[in-house]
Structures are given as structure tokens and as C-alpha cells.
Amino acid sequence: MSFLTNLKSTKSLHDVAFLLGYKPKSLSYVIYKMPVKYKTFTVPKKSGGVRNISAPCPELKLLQSRLSDGLQSCWDEINNQKNIKKPISHGFRKNASIVTNASVHRGRRFVFNVDIKDFFDSINFGRVYGFFVKNKDFALTENAAKILAAIACHDGRLPQGSPCSPVISNLIGQILDIRLVQLAHKYGCSYSRYADDLTFSTNERVFPSAIALSNADHSWDVGTALSKIIEKSGFQLNPKKTRMQYRNSRQEVTGLVVNRRINTRPEYRRLTRAMTHQLVTNGKFQITKTTTDALGALVPTKMDGSINHLQGMFGFIDWIDLCHRKNNEILNAEQSSIGKVYKRFLMYRDFWANSQPIILCEGKTDSVYLRGAIRRLATAHPNLVSINAAGKAEYKVRFFNYSYTSQRILDLSGGASVVRHFITDYIKSVKKTLAPINPNPLIVLLDNDSGGQVFYSLIKEYSGKKTSATGMDDFYHLAANVYVVFTPIDKPGDKSSIEDFFEPGLLAMTIEGKPFNRDDTTLDRSKEYGKAEFAAKIVRPNIAKINFDKFDPILARIEMAIEAHIKKHVP
């Protein structure tokens with residue numbers, strides 16, 4: 001049975017405890033007897049003043065998280081039963097976000113924003129209790145409703161910081177949403193809500209006065225009909241945050257620009273670019289952190305930023321852009337330019353400012369092999385790994401992780417020719433980087449075959465030598481912190497790949513009767529299995545049994561490249 005069905009049948013604390021996976025005594029202790037349930041602190045608001053946050057203790061947070069998950073499933077079930085597919089409220093729910101909220105109001109003549117005052121605080125214990133008793137979709141017993149309200153509320157109201165406050169506020173706010181959708185539809189408007197932020201928009205030539213009234217000084221007030229609905233639903237408006245936005249000026253909804261396409265603010269992108277420029281130029285950048293003084297006034301303070309902070313900013317911009325790329329929208333020049341800045345940032349973060357030597361292989365499978373080899377040959381290669389007291393390997397090198405982001409932003413999807421193009425771009429990029437060179441090298445590990453040998457000409461170009469590379473050397477230094485290591489060969493002209501360094505018996509192992517084919521270009525998946533399955537199903541499960549002795553010269557070459565770079569760049 002569903003969580004909703006089971007919840008509606010609860011009558012006692014014992015029933016609620018069983019539903020949430022608790023013993024009755026444990027649930028009673030957390031709700032009624034635990035001495036310290038919350039840690040309260042403040043965070044500054046952008047508009048001034050502070051916001052009170054009440055963070056539950058771990059035991060209560062776990063309980064509230066379970067209740068939140070259950071109530072979210074109830075809401076989903078109720079919406080499915082009523083065939084409600086498009087969300088009205090976009091905050092704190094699956095498949096909804098500030099993007100879906102902003103999308104409702106894209107490209108409109110008027111965009112009108114109002115804000116509910118003290119949204120969570122206005123939902124008190126009595127409202128939570130009364131909702132679960134009186135709402136037809138729940139209709140809980142009075143005892144069960146009181147227990148849920150006791151779990152959710154702090155000091156008689158929904159606290160900001162509780163895992164279950166968002167879903168309960170959405171459930172209670174749904175009657176408000178339905179009434180406002182009806183009002184908006186009546187006057188040719190669209191409506192959406194994100195937490196306490198209400199937005200109406202329209203392409204009508206005159207904005208409906210029932211929702212908003214224009215004053216002689218071009219300011220706007222909330223219309224009578226809208227005001228009555230909000231008050232009747234048990235909420236109050238914050239008049240300081242009432243604003244009308246016109247098509248010929250910037251229009252924003254939940255912090256995103258909605259005039260033509262959903263976009264982040266230009267100032268935000270410019271700031272991200274400026275920070276990146278500071279980072280790659282000086283090796284650091286500054287951010288402005290807002291704190292509050294004793295009177296509650298906002299005080300901007302300059303301080304050094306972290307790479308994680310800048311990554312968060314790029315991640316947000318990229319997420320917004322990616323939402324529209326999925327919708328087949330073409331990125332404009334401004335968006336493409338921020339992508340180039342993001343690429344430069346990732347090059348700096350992952351390859352120039354790396355905290356450990358980083359190994360870039362041709363694909364994902366090679367790193368699986370090397371991790372196993374380094375782990376098994378740890379005694380012979382202490383510069384690559386150490387084994388702690390618990391017997392766990394602590395790697396002293398890092399392997400580049402091929403991902404969807406690396407493929408999109410860095411154009412790095414694997415394969416020798418793709419890696420060659422990336423390395424060329426990387427070297428061009430770091431030539432413009434004034435930040436001090438990192439003592440940790442970037443080591444490109446390549447098969448010494450027709451694929452990897454595309455690097456021979458690149459090595460000749462950067463070394464300035466008239467003779468071509470043969471792949472026989474232990475390593476090749478290209479430029480900056482870039483080194484190339486090939487799988488060993490016996491004489492010039494020979495070829496080798498990393499799979500050659502496994503024992504023949506391992507390469508002969510079958511999966512469901514299928515043999516291994518290391519050449520993905522000729523792989524017939526109906527009859528054979530490829531490198532990905534070999535790494536995942538043959539190598540990884542059997543690392544403790546595999547003989548990695550033949551990998552020793554590869555690891556030795558990696559160590560020599562690391563030592564050469566450290567000797568050159570560490571005083």
C-alpha cells in the first residue's frame with residue numbers, strides 16, 4: 001500500500017512510529033523529550049536584515065526527512081489522481097525548479113511579482129494540524145495530525161531549516177495556488193509560485209486591475225481581488241517586494257532573466273569572467289561576502305575566494321544554459337563566450353592547479369587498469385601510492401575523470417586524436433596564464449600504436465628537434481607541466497597497447513561465452529565484449545588476483561616524469 005493509504009489509517013503514536021520506521025519509545029523521545037532539538041542562527045538577507053534559520057539536530061532531521069519523503073509521495077499520488085501534470089508551485093519539488101518557474105513567464109509584456117511575508121512563520125502548529133484533519137485528501141485522525149504537527153513545528157510554527165517545512169508549506173499553499181490560478185485565468189494571465197514568490201504575467205495591452213493597480217507615479221499596488229485571496233488563504237503580502245516589470249526593460253523571475261529566453265543575469269556572468277581572469281592571472285581571486293553589523297546593516301567584505309566557489313557559479317550558469325540546449329535552443333554568442341571561459345577555468349582547475357600529479361589516459365578503462373596496477377605494485381612505486389594502517393590505498397596521483405561535462409565543455413571525450421587536440425588547446429591556454437606553474441605535472445599516458453603515435457609530430461613540434469619521436473624514451477616533455485608517456489615497445493616501429501601488459505589468460509576470459517575484442521571500431525557486441533566490460537567485469541572484480549608485474553615499466557615511466565617535473569620546478 002502507498003504511504004498515503006497507510007498514513008490515513010494511523011490513529012496513534014504507535015501507528016505513526018511504525019509508518020516512519022521507528023519504535024514508539026524512540027519516536028516519543030525525539031518529539032517530546034529530547035532536550036535540544038534545534039540550533040538557531042541567522043543569515044543576512046540581500047534586502048537587509050537577517051533570516052532566522054532553525055537547523056534540527058541529527059536525530060530530529062532524520063525523522064523530519066522521512067516524513068518529508070512520505071508527504072512528497074502523498075502529494076505526487078494526489079496530483080496523479082487529479083490528473084494534475086503541470087506544477088503551479090515550483091519550489092522544493094521533483095522535476096521543478098527556478099527554471100520551470102521562470103519559463104511560465106518568458107517573453108511577456110508584463111511580469112508582476114509579489115512576495116508573501118514571513119511565509120514559513122505564518123504556517124503555525126494549528127494550521128498544520130488543521131490541514132491534515134480537514135483536508136479531504138488526508139482526513140487524518142486528530143491524534144495522528146497532532147503528532148505530524150509536533151514533528152514538523154518548532155516554537156509553534158514551521159521552521160526554516162527543517163526538511164519537512166517545504167513540502168508541508170506546499171501542501172497548505174495549494175489552496176492559495178488554485179485560487180490564484182483561477183484568478184489569473186479569468187483575466188488572461190499566467191501564474192506560478194516559488195516558495196513565497198508569486199508571479200503573474202500577461203501579453204494583454206492593459207494589466208488587469210484586479211491583480212495590480214498602477215499609480216500616478218508609475219508605482220504599482222496589489223489589486224483588490226488578489227489581496228483578498230491571499231488574506232483569505234491565511235497569508236500576508238510584503239509590500240516592499242511588489243514590482244511590475246515591462247517588456248522594454250529587464251524582466252526577472254526567481255533571479256533569472258525572462259525577456260526572450262531564460263538566462264542568468266549579465267552581471268553574474270561578467271563577475272564570473274572577471275573572477276576567472278583574476279584566477280588564471282594571479283592564481284587567486286577575491287569575492288565580496290556580505291555580513292551584518294550590530295544594527296543589522298549589510299557590510300560588504302572582500303576576501304579570497306575558493307575554486308569551489310567559482311565552480312559553483314559556473315555550474316549554475318551551465319545548468320541554466322543546458323536546460324535550453326535540451327530544449328533545442330541555440331546558444332547565442334554571449335553564452336558561447338561564457339562556455340569558453342568555463343573551459344579555461346576547468347583547464348586551470350584540473351590540470352594547472354591540480355593538488356596531485358594528474359594522469360590523463362585515452363579513455364576510462366585505462367585508469368581502471370592503472371589503479372589496480374599501482375595498488376598491487378605499491379611497494380615498488382611508493383611515489384604513486386601508500387597503504388595506510390587499515391590496508392587502504394592512498395593514491396598520490398589523480399586520474400582524470402571522463403564525464404558528460406568534460407565532453408561538453410573541454411571537448412574531451414577520449415581517444416588519442418581527441419586528447420592531442422585538447423593538449424594543443426591546453427598549452428595555448430596556459431601560455432596566457434601568469435599564475436606560477438604547478439609543481440604537479442599533467443601526464444598523458446598513451447598506447448604506443450597508430451592512435452597514440454599521432455603525438456609523435458606534436459612532440460617534434462614542441463621539442464624543436466629535427467628527428468621525430470620514436471616512442472622509446474621514458475617520457476617526453478611538451479611544454480609547461482605537460483608530459484607524454486607511451487606504453488613501452490622493444491624497438492622503434494613496434495606497437496603496443498596497455499592491454500598487452502595483462503597476462504594472455506586474462507585477455508582470453510569470456511563473458512557469457514563472448515570473447516574480448518579490444519578494438520572498439522570492429523567490435524560486434526552481439527558476439528564480443530569490449531574494453532568497458534573488460535574493465536568492469538574482468539579487471540575490477542579480480543584486481544586482487546591479477547598479475548600486474550608487466551605494468552611495472554609503465555609505472556616507472558610515470559614516476560620518472562613526476563620526478564623530472566618536481567626537480568625542475570620545486571626549489
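How are α4 and α8 oriented to each other, roughly parallel or roughly antiparallel?

1. In this predicted model, the axes of helix α4 (residues 58–81) and helix α8 (residues 165–186) cross at roughly 30° and come within 9 Å. Angles under 35 degrees count as roughly parallel, and α4 and α8 are therefore roughly parallel to each other.

2. On the α4 side, the contact is made by S68, L71, Q72, W75 and N79; α8 contributes V167, I168, N170, L171 and Q174. By class, the residues of this contact of α4 with α8 are five nonpolar, five polar and no charged.

3. The structure holds 14 salt bridges. In one of them, R349 pairs with D350, with the closest N and O atoms 2.8 Å apart. R349 is partly exposed at a relative accessible area of 26%, whereas D350 is buried at 9%.

4. D474 and R557 also form a salt bridge, their closest N and O atoms being 3.7 Å apart. The pair links distant parts of the chain, 83 residues apart: D474 lies in the loop between α16 (455–463) and β18 (476–479), and R557 in helix α19 (residues 552–569). D474 is partly exposed, with 34% relative accessibility, while R557 is buried, with 7%.

5. A salt bridge of 2.6 Å, N to O, joins the side chains of D500 and R518. D500 is partly exposed at 34%, and R518 is partly exposed at 30%.

6. A network of salt bridges links R250, E252, R265 and E267.

Key:
Residues are numbered from 1 along each chain as its sequence is written. This is a predicted model: local features need pLDDT of at least 70, side-chain atom pairs count only at pLDDT 80 or more; totals for chains, interfaces and linings use all residues. Side-chain values use heavy atoms; hydrogens and water are left out. Axes are lines fitted to C-alpha atoms, for helices over the stretch in contact, and angles run from 0 to 180 degrees between N-to-C directions. Helices (H or I, at least four residues) and strands (E, at least two) are DSSP runs, numbered from the N terminus. Angles under 35 degrees count as roughly parallel, over 145 as roughly antiparallel, 65 to 115 as roughly perpendicular and the rest as oblique. Contact means heavy atoms within 4.5 Å. Ala, Val, Leu, Ile, Met, Phe, Trp, Tyr, Cys and Pro count as nonpolar, Asp, Glu, Lys and Arg as charged, and the others, Gly among them, as polar. A salt bridge is a side-chain nitrogen of Lys or Arg within 4 Å of a carboxyl oxygen of Asp or Glu. Buried means under 20% relative accessible area, exposed over 50%, partly exposed in between (1.4 Å probe, protein chains only).
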